[in-house]
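Open the model in your viewer and keep the selection panel at hand. The stops below say what to select next and what is there.

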Amino acid sequence: MRDIKSYTLPELTEYITSLGEPSFRAKQLYQWMHEKCVASLDDMSNIPKALKEKLREDTAGAAGEAGEDSYGESAESDHQVDITQHRPCPELSDITHLAPVDIRESRDGTRKYLFELPDGELIESVLMRYKYGNTVCVSSQVGCRMGCRFCASTMDGLTRNLTPAEMLDQIYRITIDINERISHVVVMGMGEPMDNYDTLITFLGILTSPEGYNLSRRNITVSTCGLIERIREFADEDMGVTLAISLHAPTDELRRTMMPIANRYSIAEITEAAKYFFDRTGRRITYEYALVRDTNDSDECARKLAALCRQTGAHVNLIPVNPVTGRGYAPTADDGVRAFKNKLEKQGINVTIRRELGQDIDGACGQLRKRYTGDLR
Ligand code: SAH
């Protein structure tokens with residue numbers, strides 16, 4: 001299946017001219033998809049009918065085959081979802097777009113979207129409203145294979161990578177839904193973005209392109225559990241975005257109890273990669289640290305974490321861990337979170353506390369999807 005929404009502008013231009021069309025048509029299509037965020041060829045008013053037909057022919061055949069197989073099966077067997085609750089599956093003979101299956105709005109204005117992909121898989125995206133603008137938290141994979149013990153997204157392992165179009169369309173559908181522009185993007189939804197590296201790079205390139213959505217690079221954060229070879233590659237790419245590393249523990253021993261990836265990479269290696277990122281890009285990294293009661297919130301942990309931050313000039317982003325059904329991790333209480341923050345600040349570390357938005361709507365990553373797939377009731 002030809003997925004023209006995953007094409008960069010040069011790739012799209014090459015394809016469109018190969019069809020015997022003038023190259024300006026590629027730019028028009030690109031603007032419809034990525035600037036105006038339309039969900040269908042039907043909405044592209046200045047594209048000739050004949051070209052739309054050609055595009056449909058080129059995408060329909062292959063999509064039809066793959067679509068029938070996987071959609072029918074996965075909707076009924078894997079997900080145990082009553083299919084009658086679903087909105088229709090996205091039109092497979094058209095440009096890739098996601099269909100909202102469920103949208104929940106929290107008391108604090110956070111909106112959590114459950115989107116259905118063209119093959120029937122489900123992913124989550126979250127819109128958070130801040131004074132400075134609208135932030136969308138984007139998923140990069142269906143499921144995840146990193147296995148972090150406190151995280152809901154990884155409980156069933158990895159189903160598949162998302163395509164660039166599927167990552168982009170989370171932002172586009174939300175833009176259309178709220179009729180407002182998204183100013184900030186964090187790749188902190190389901191999945192490990194560095195485990196879907198090429199897609200991540202294409203996604204960032206298209207998202208920030210002046211002919212497309214033109215999102216400011218400075219307003220994008222990519223979060224990783226710490227795949228160090230990829231961090232180095234990403235540093236060399238120098239895309240101008242912020243890198244967050246999910247540290248969650250200041251010693252290898254403790255980190256291994258929370259994150260299996262810690263068996264593969266040591267904190268010393270992460271520190272080296274973080275330094276490399278800073279040297280190459282001039283951008284300070286952020287350490288994410290989910291506070292788990294009586295586990296990683298001691299004075300000693302704060303002291304060791306501060307020492308690690310000083311080595312790399314990192315900021316810390318604290319969040320009390322979001323309890324996930326079946327995981328058994330309890331969050332540090334509010335006063336404990338404040339005390340931990342103070343201890344870091346006293347040692348000269350820059351700290352923010354991530355606001356826990358959307359708690360009343362299954363705030364933790366992957367929880368809304370699990371409710372739908374029948375694993376959380
Ligand atoms: N795989 C990437 C990005 C997705 S998760 C990563 O590991 O960074 C985004 C952030 O949410 C990560 O810091 C992750 O560790 C954290 N997270 C996952 N489950 C959480 C939970 N239950 N409570 C608090 N933070 C959680």
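Contact, on this tour, means heavy atoms within 4.5 Å. This is a predicted model, where local features need pLDDT of at least 70, side-chain atom pairs count only at pLDDT 80 or more, and totals for chains, interfaces and linings use all residues. Residues are numbered from 1 along each chain as its sequence is written, and side-chain values use heavy atoms, with hydrogens and water left out.

**The whole chain**

Start with everything shown. The protein has 11 helices and 12 strands. Helices (H or I, at least four residues) and strands (E, at least two) are DSSP runs, numbered from the N terminus. Of the 377 residues, 57% are buried. Buried means under 20% relative accessible area, exposed over 50%, and partly exposed in between, with a 1.4 Å probe and protein chains only. Take the contacts between residues at least 6 apart in sequence: 67% of them join residues at least 24 apart.

**Stop 1: strand E4**

Select Thr135, in strand E4 (residues 133-137). Is Thr135 buried or exposed? Its relative accessible area is 4%, so Thr135 is buried. Now show what surrounds Thr135. Beyond neighbours within four places in sequence, Thr135 contacts Val126, Leu127, Met128, Tyr130, His184 and Val186.

**Stop 2: helix H2**

Select residues 24-35, helix H2. The expected span of a helix is 1.5 Å times one less than its number of residues. Colour the buried residues of H2: Arg25, Ala26, Gln28, Leu29, Tyr30, Trp32, Met33 and His34. An α-helix has 3.6 residues a turn, so residues three or four places apart point the same way. Step just past H2 to Cys37, which has a positive phi of about 60°.

**Stop 3: two asparagines in loops**

Most residues other than glycine have a negative phi. Select Asn179, in the loop between helix H4 (164-178) and strand E7 (184-187). Asn179 has a positive phi of about 55°. At 69% relative accessibility, Asn179 is exposed.

Go on to Asn214, in the loop between helix H5 (197-207) and strand E8 (220-224). Its phi is positive too, near 60°. Asn214 counts as partly exposed, at 43% relative accessibility.

**Stop 4**

Select Glu166 in H4. Glu166 is buried, with a relative accessible area of 4%. Leaving aside neighbours within four places in sequence, Glu166 contacts Thr96, Leu98, Leu117, Pro118, Arg160 and Asn161.

How do H4 and H5 pack? Their axes are 8 Å apart, at an angle of about 40°. That makes H4 oblique to H5. Axes are lines fitted to C-alpha atoms, for helices over the stretch in contact, and angles run from 0 to 180 degrees between N-to-C directions. Angles under 35 degrees count as roughly parallel, over 145 as roughly antiparallel, 65 to 115 as roughly perpendicular and the rest as oblique.

H4 passes H5 in a right-handed crossing. A crossing is right-handed if the near helix is turned clockwise from the far one by less than a right angle, and left-handed if anticlockwise. Show the side chains in this contact: Pro164, Met167, Leu168, Ile171 and Tyr172 of H4, with Thr199, Thr202, Phe203, Ile206 and Leu207 of H5. By class, the contact of H4 with H5 has 8 nonpolar, 2 polar and no charged residues. Ala, Val, Leu, Ile, Met, Phe, Trp, Tyr, Cys and Pro count as nonpolar, Asp, Glu, Lys and Arg as charged, and the others, Gly among them, as polar.

**Stop 5: helices H6 and H8**

Select residues 228-237 for H6 and residues 267-281 for H8. Their axes come within 9 Å and cross at roughly 5°. That makes H6 roughly parallel to H8. From H6, the contact includes Ile228, Ile231 and Phe234; from H8, Ile270, Ala273 and Phe277 are among the partners. The residues of this contact divide into 8 nonpolar, 1 polar and 5 charged.

**Stop 6**

Beyond neighbours within four places in sequence, Arg310 contacts Gln347 and Ile349. The C-alpha atoms of Arg310 and Gln347 are separated by 9.1 Å, and the two residues are 37 apart along the chain.
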